[in-house]
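Here's a quick briefing to read with the model open beside you. Take it one topic at a time and find each piece as you go.

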Number of protein chains: 2
Amino acid sequence: MHTPFEIHKPNPLLIVISGPSGVGKDSVLQRMKERGLPFHFVVTATTRPKRENEMDGKDYWFVTKDRFAEMIEKNELIEYAIVYGDYKGIPKSEVRQALESGKDVVMRIDVQGAESVHKLVPEALLIFITCEGEDELERRLRVRRTETDDSLSLRIATARKELQRIEAFDYVIVNQDFHLDDTVDKVRAIIDTEHLRVKQRKVEL
Amino acid sequence: MHTPFEIHKPNPLLIVISGPSGVGKDSVLQRMKERGLPFHFVVTATTRPKRENEMDGKDYWFVTKDRFAEMIEKNELIEYAIVYGDYKGIPKSEVRQALESGKDVVMRIDVQGAESVHKLVPEALLIFITCEGEDELERRLRVRRTETDDSLSLRIATARKELQRIEAFDYVIVNQDFHLDDTVDKVRAIIDTEHLRVKQRKVEL
């Protein structure tokens with residue numbers, strides 16, 4: 001039985017930060033790292049070529065397509081997706097090691113990927129990042145546009161669709177423009193609070 | 001359906017702060033008030049005589065035994081208990097009014113009372129305050145002793161028993177000696193976080 005005095009060593013959490021593209025998931029993760037929060041940030045494996053300023057094992061695990069195919073076949077990935085022709089995926093081994101060391105694990109995944117994780121690890125903690133409204137989302141996607149109009153309208157349509165998938169998530173945070181630290185504070189509060197639950201999540205992977 | 005943009009006006013919460021006697025529930029509530037946290041703090045009704053420094057409607061609602069009996073009969077109380085021969089109870093009307101105004105409502109109740117509230121209002125948020133261990137609890141009860149030895153051992157036995165009732169609660173906070181503000185921060189984080197839930201509690205009273 002759970003007694004009040006066992007709670008000093010809470011179970012580590014598997015935290016998924018997700019949301020439509022354009023809401024600022026990467027900025028949230030970036031700020032969490034800058035603030036030195038005591039989490040293990042998962043490094044994604046990818047088949048895309050390493051850019052000059054990137055480091056293997058820090059920005060991504062850069063792997064060949066053959067190696068990636070092997071990871072898929074051997075069921076070594078929590079989830080994977082094809083992003084603009086390149087494969088990206090999250091190695092189970094990394095997550096497992098971090099959890100075993102007692103650290104909370106944070107990963108950033110798109111909405112569809114988050115739903116896959118939810119099915120595979122029902123005890124994962126799912127946080128949905130959104131912005132103030134659909135118009136604002138469209139504005140942000142327009143501002144950051146690097147693609148053709150076609151691709152933009154596709155991104156907008158996808159984002160709108162993804163906003164409807166929120167029901168599978170535990171928490172939702174509105175990431176307001178110029179309030180990145182507020183968003184990070186909220187993520188932090190959610191994680192701290194989950195560790196105070198009497199019935200704690202038990203992640204099995 | 002709940003869409004991401006409805007979340008700006010979260011449902012008000014009914015928050016129960018409970019735990020064995022000796023863990024410092026009153027100090028926690030006191031500090032929350034001092035810090036001006038934006039909650040409605042429920043005022044308990046009591047039949048005990050008003051002391052000189054007390055104010056009706058602030059410290060307690062001071063009512064006659066006849067009035068209290070009427071409140072019981074008319075089902076006007078969320079819960080009530082006899083404490084050292086005096087009746088104490090929480091008026092539903094006060095809680096209802098605060099919730100209607102959109103405020104989160106905080107009340108401090110003993111463990112048994114918290115369980116009654118849980119049955120009456122399953123969507124109430126139950127926080128269990130405890131201390132570092134049974135020995136520490138006994139030490140605190142000894143330090144604050146105002147009663148005979150008999151009464152002390154009874155209090156210790158009751159407190160030990162109450163420590164086992166934690167399973168009915170949502171969250172547990174270890175209120176460490178000299179770390180009252182940490183405890184209040186945790187209460188605050190729990191409440192803030194509950195407002196970020198996709199599936200929010202809907203309190204009906």
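**The sheet in chain A**

In chain A, strand 3 (residues 45-46) and strand 4 run parallel, and two bridges join them. At that spot, Ala45(A) sits opposite Trp61(A), which belongs to strand 4 of chain A. Keep in mind that you're looking at a predicted model.

- Zoom out and you'll find an open sheet of four strands in chain A, in the order 4-3-6-5, with mixed pairing.
- Strand 4 (61-62) and strand 5 (77-83) of chain A are at the edges with a single partner strand each, so one side of each has no neighbour in the sheet.
- Helix 2 (residues 65-73) of chain A packs on this sheet, where it touches strand 3, strand 5 and strand 6 (86-91) of chain A.
- The direction of helix 2 of chain A makes about 50° with that of strand 6 of chain A.

**The sheet in chain B**

- Chain B has an open sheet too: four strands in the order 4-3-6-5, with mixed pairing.
- Its edge strands are strand 4 (61-62) and strand 5 (77-83) of chain B, and each of them pairs on one side only.
- Five bridges link strand 5 of chain B with strand 6 (residues 86-91) of chain B, and this pairing is antiparallel.
- If you'd like one pair to look for, Ala81(B) has Lys88(B), in strand 6 of chain B, as its bridge partner.
- Helix 2 (residues 65-73) of chain B packs on the sheet and touches strand 3 (45-46), strand 5 and strand 6 of chain B.
- Against the direction of strand 6 of chain B, helix 2 of chain B makes an angle of about 50°.
- Helix 3 (residues 92-100) of chain B lies across strand 5 and strand 6 of chain B, and it runs at about 25° to strand 6 of chain B.

- Where they touch, twelve residues of domain 1 of chain A are in contact with ten residues of domain 2 of chain A.
- On the domain 1 side of that contact, strand 7 (105-108) and helix 4 (111-120) of chain A each supply at least two residues.
- Helix 4 of chain A gives the largest share of that side, with four residues.
- Sorted by class, the side of domain 1 of chain A that touches domain 2 of chain A has nine nonpolar, two polar and one charged residues.

**Helix 1 against helix 7**

- In chain A, helix 1 (residues 25-34) and helix 7 pack at an angle of about 75°, and their axes are 10 Å apart.
- That's why helix 1 and helix 7 of chain A count as roughly perpendicular to each other.
- From helix 1 of chain A come Ser27(A), Val28(A), Arg31(A) and Met32(A), which meet Leu180(A), Asp181(A), Thr183(A), Val184(A) and Val187(A) in helix 7 of chain A.
- The residues in this contact between helix 1 and helix 7 of chain A are five nonpolar, two polar and two charged.
- Over in chain B, helix 1 (residues 25-34) and helix 7 (residues 180-194) also pack at about 75°, with axes 10 Å apart.

**Where the two chains meet**

- How many residues of chain A are in contact with chain B? There are 23 residues of chain A, and they meet 23 residues of chain B.
- Strand 8 (125-130), strand 9 (171-174) and helix 7 (180-194) of chain A each supply at least two residues of the side that touches chain B.
- The largest share of that side, five residues, comes from helix 7 of chain A.
- By class, the side of chain A that touches chain B has 15 nonpolar, three polar and five charged residues.

**How the copies are related**

Key
Residues numbered from 1 in each chain as written. Chains lettered and ligands numbered in written order. Predicted model: local features only at pLDDT ≥ 70, side-chain atom pairs only at ≥ 80, totals over all residues. Contact = placed C-beta atoms within 7 Å. Nonpolar A, V, L, I, M, F, W, Y, C, P; charged D, E, K, R; others polar. Axes fitted to C-alpha atoms, helices over the stretch in contact; angles between N-to-C directions. Pairing = 2+ DSSP bridges. Parallel < 35°, antiparallel > 145°, perpendicular 65-115°, else oblique.
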